[in-house]
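Subject: Handover of a protein structure

Dear colleague,

Please find below the structure that I am handing over to you, together with its sequence. My notes on what was found in it follow.

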Amino acid sequence: MTGQRRRLTLVGMRATICFMRVTICFLLACVVFPAVSRAQAPVFELVPGESWIKFHVKASVAIAGKFDNWDAKLTFASPDEGTGNLEIKIQAGSVDTGSGMKNGKLKGKDFFDADNNPLITFTSTKFVQTGPNTFEVDGDFAIRGVSNPEKLTLTVSGKGTGAGEIKGTMVFNRKDYGMNKGIPFIKIADHVDVSFHLKEKRVSGPPMEDKE
């Protein structure tokens, strides 16, 4: 019985050592491989001084402007452009039409309601390449506390150079977001045209894949 017990003990010890080795290898893989994956993903930074976001609404009196305070982040899970993720956050109260009266009206509760909903946001959910330098980006657009799916159209230039430009457009219906009222003595269309220009530079990681 003593010899049998010793053999069982040795078998148990070997199984324990084997289990510990497998566990250690698994933990090392969890630590190493995500780091490698992150290292292989391109990282871009936007150049604020050379980037802008503007809007235009057809009206009996021109309504067009820009936002002075905003932030955008473009990240990729890999060099494949289809893995892109775009986040845009705009301070609604930074709207600038060149007119104090128009700015005040747009910031008010009938439009942006900036006091209660200070951020206008777009968060992408899907990147689809439609041409060598064009993309359609589905995402969630939120303004004055209301969120709806919208689509951006992007045109990219300077790919593979380490620096590039992204030109984007989007059209949305203001009434889908509760902006049902107008401005006294000014007739305003329902659709709002948004355009933006993002200047970017790659700060780390490999260049994007060229699928041309």
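Helices (H or I, at least four residues) and strands (E, at least two) are DSSP runs, numbered from the N terminus. On that basis, the protein chain has two helices and 11 strands. Along the sequence these elements follow the pattern α-β-β-β-β-β-β-α-β-β-β-β-β.

Please bear in mind that this is a predicted model. The mean pLDDT of the protein chain is 81, with 77% of its residues at 70 or more. Confidence is lowest in helix 1 (residues 2-39), where the mean is 47, and highest in strand 6 (residues 95-96), where the value is 97. Over residues 8-12 the pLDDT is below 50, and this stretch has zero contacts in the model beyond near neighbours in sequence. Residues 22-39 also stay under 50, and for them the model has four contacts beyond four places in sequence.

As for the chain as a whole, 32% of its 212 residues are buried. Its accessible surface comes to about 12,600 Å², and carbon and sulfur atoms account for 58% of that area. Among contacts with a separation of 6 or more, 59% are between residues 24 or more positions apart.

The largest nonpolar core holds 41 residues, of which Phe67, Phe112, Phe141, Leu152, Leu154 and Phe172 touch the most other members. Strand 11 (residues 188-204) gives the most to this core, contributing five residues. Leaving aside residues up to four places away in sequence, Phe141 touches Ile120, Thr121, Phe122, Val146, Ser147, Asn148, Glu150, Met170, Phe172 and Tyr177.

A search of the whole structure finds six aromatic pairs. One of them joins Phe55 and Phe67, whose rings are tilted, with 5.5 Å from centre to centre and 40 degrees between the planes. Phe55 lies in strand 2 (residues 52-59) and Phe67 in strand 3 (residues 63-67), so this pair ties together parts that are 12 residues apart in sequence. Phe67 also pairs with Phe112, again in a tilted arrangement, at 6.0 Å centre to centre and 35 degrees between the planes. Phe112 belongs to the loop between helix 2 and strand 7 (119-131), whereas Phe67 is in strand 3, so the pair ties together parts that are 45 residues apart in sequence.

Lys107 lies in helix 2 (residues 100-107) and counts as partly exposed, at 33% relative accessibility. Its contacts, not counting residues up to four places away in sequence, are with Ala92, Gly93, Val95, Phe112, Asp113 and Ala114. Between Lys107 and Ser94, which are 13 residues apart in sequence, the C-alpha to C-alpha distance is 8.7 Å. The other lysine is Lys54, whose charged end sits over the ring of Trp52, 4.5 Å from the ring centre.

With kind regards

Note on methods. Residues are numbered from 1 along each chain as its sequence is written. This is a predicted model: local features need pLDDT of at least 70, side-chain atom pairs count only at pLDDT 80 or more; totals for chains, interfaces and linings use all residues. Side-chain values use heavy atoms; hydrogens and water are left out. pLDDT is the predictor's confidence in each residue, from 0 to 100. Contact means heavy atoms within 4.5 Å. Buried means under 20% relative accessible area, exposed over 50%, partly exposed in between (1.4 Å probe, protein chains only). Rings of Phe, Tyr and Trp (its six-membered ring) pair if their centres lie within 6.5 Å; planes under 30 degrees apart count as stacked, over 60 as edge-to-face and the rest as tilted. A charge sits over a ring if NZ of Lys or CZ of Arg is within 6 Å of the ring centre and within 35 degrees of the ring normal. A nonpolar core is a set of buried Ala, Val, Leu, Ile, Met, Phe, Trp, Tyr and Cys residues joined through side-chain atoms within 4.5 Å. Accessible areas come from the Shrake-Rupley method with a 1.4 Å probe; for residues, only the protein chains shown count as cover.
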